[in-house]
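Me: I would like to learn how to read strands, helices and cores in a model like this one. Could you walk me through it?

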Amino acid sequence: MGNCSPSPRRRRPTEPGSPQLDGTVSAPTVTVNSISVSPYALARSPSVSAAAVDAEDGGVVRVYGSDGCPVAWRLRVSLLYKAAAPLHFTPSEAAPLGRPVLRLSAADPELCGTADELLRQVDARFEGKPRVAPPERPRAASPAAAAAAEVAELVRLQHRSAERHLEGVAAKVAEMVKKGKKSGKGRSVVEAAEVRRLGKWYGDVMEVMLEHARMEETLIFPDIQRASFPGVCDKVNEQHGRHLPMMNGIKEDIKTLLTLELGSPLFHEVLVNLSVRLKALQDHTKEHFKEEESDMLPRLEGVRRMQREEGKVSDKSNSAWASEALATMEVTHSKLFPFFMTGLLPQEAVQYLDLIFRCTKNTQYLVSMLRSLAERLEDANPSIIHNNPTKLYEHLLVKSP
């Protein structure tokens, strides 16, 4: 999903304003540092004029493009993670060849290019992390190695998000325990709304973790076992089995809290027990993820070679395996996508965006994911995005209706 439309390099140049083969009208462009500069893109926009833009604050970054264009949404989300300047997005169907137009300031020309080209322009203008343009990837030793590297990156980033959300839930419970101690016999300082938000937070991380485990159990572990030796995945499968009762026990404790009198001795006792359970789940999960990443993921290249030898994949489908993994986690990549992404540090989040951009073939699905994330990031303070991803989620949770 690198582009919204065929690359201009594949089209025969036409006179400005003349119809293309697909019925669209071309815009006159010139090239600056390999990026197409489209001087008429804003003037042709039905929503804004170039004069109006120039009259506004010159420090605002502007993106103009179709509301259904993944590149426009990726630019928007990347700029929100960059958090270097105010951002304004104007829906416009008039961008040349269906591509979005980027204007880094009122003094700059409008730029039109591929997603990678425009993101490199953003990095060049706004130094510092995160770097939003994909890095130059070393050439893989084989198609199997390339496919294995994508799946391994996907799994590792999903691990990091789950770890941080568990850490955030555990920290919130520890904070509530301290509040309960301070309240004494007086009015409880732990509020019912806090308990409800805690239940929502934990319920979301549990759903993501269970979906991640199912993806591994159906898509990865069986073929690792076939490509290696019998029993190689027994330990990680057993760990998945042990985690489920632990997670369910925590869920029941939170439900119990909602039925108890706030600040009562029993409430505090259940809260302390919940804190202990969460710490145990955190420790088990970290150890489990560490074992998977050190023992299981290095075997993926051998698995992909085996799949190719069996005729299950072609040499042209390097991203097909990661695409399948993404598709099996439907809830994580639909209603819980903003939640999942708030568990990643900004640079990790940009990496994950690059993965889904390359591996998601359904344009509408991709736009839906990016739109939901952009809408949540727009509600956040940039300093929270950069410094503490789980605090970002807690901040958004408090603001939710």
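Reply: Gladly, and let us start with pairing: two strands pair if DSSP finds at least two bridges between them. Helices (H or I, at least four residues) and strands (E, at least two) are DSSP runs, numbered from the N terminus. This is a predicted model, where local features need pLDDT of at least 70, side-chain atom pairs count only at pLDDT 80 or more, and totals for chains, interfaces and linings use all residues. Residues are numbered from 1 along each chain as its sequence is written, and side-chain values use heavy atoms, leaving out hydrogens and water.

Me: Which residue of E4 is the bridge partner of valine 63?

Reply: That is phenylalanine 89. Strands E3 (residues 61-65) and E4 (residues 87-91) pair in the parallel sense over five bridges. With E5 (residues 101-103), E3 pairs in the antiparallel sense over three bridges, and there arginine 62 stands opposite arginine 103.

Me: How do I read the two sides of E3?

Reply: In a regular strand the side chains alternate between the two faces of the sheet. Here Val61, Val63 and Gly65 point one way, and Arg62 and Tyr64 the other. All are buried, meaning under 20% relative accessible area with a 1.4 Å probe, protein chains only; exposed is over 50%, and partly exposed lies in between.

Me: Is aspartate 223 buried or exposed?

Reply: Aspartate 223 counts as buried because its relative accessibility is 14%. This residue is found in helix H5 (residues 192-227). Contact means heavy atoms within 4.5 Å, and aspartate 223 touches Val303, Met306 and Gln307, not counting residues up to four places away in sequence.

Me: Which residues touch the most other members of the largest nonpolar core?

Reply: In soluble globular proteins, nonpolar side chains tend to be buried together. A nonpolar core is a set of buried Ala, Val, Leu, Ile, Met, Phe, Trp, Tyr and Cys residues joined through side-chain atoms within 4.5 Å. Of the 96 residues in the largest one, Tyr202, Met341 and Tyr352 touch the most other members. Helix H4 (residues 143-183) gives the most to this core, with 14 residues.
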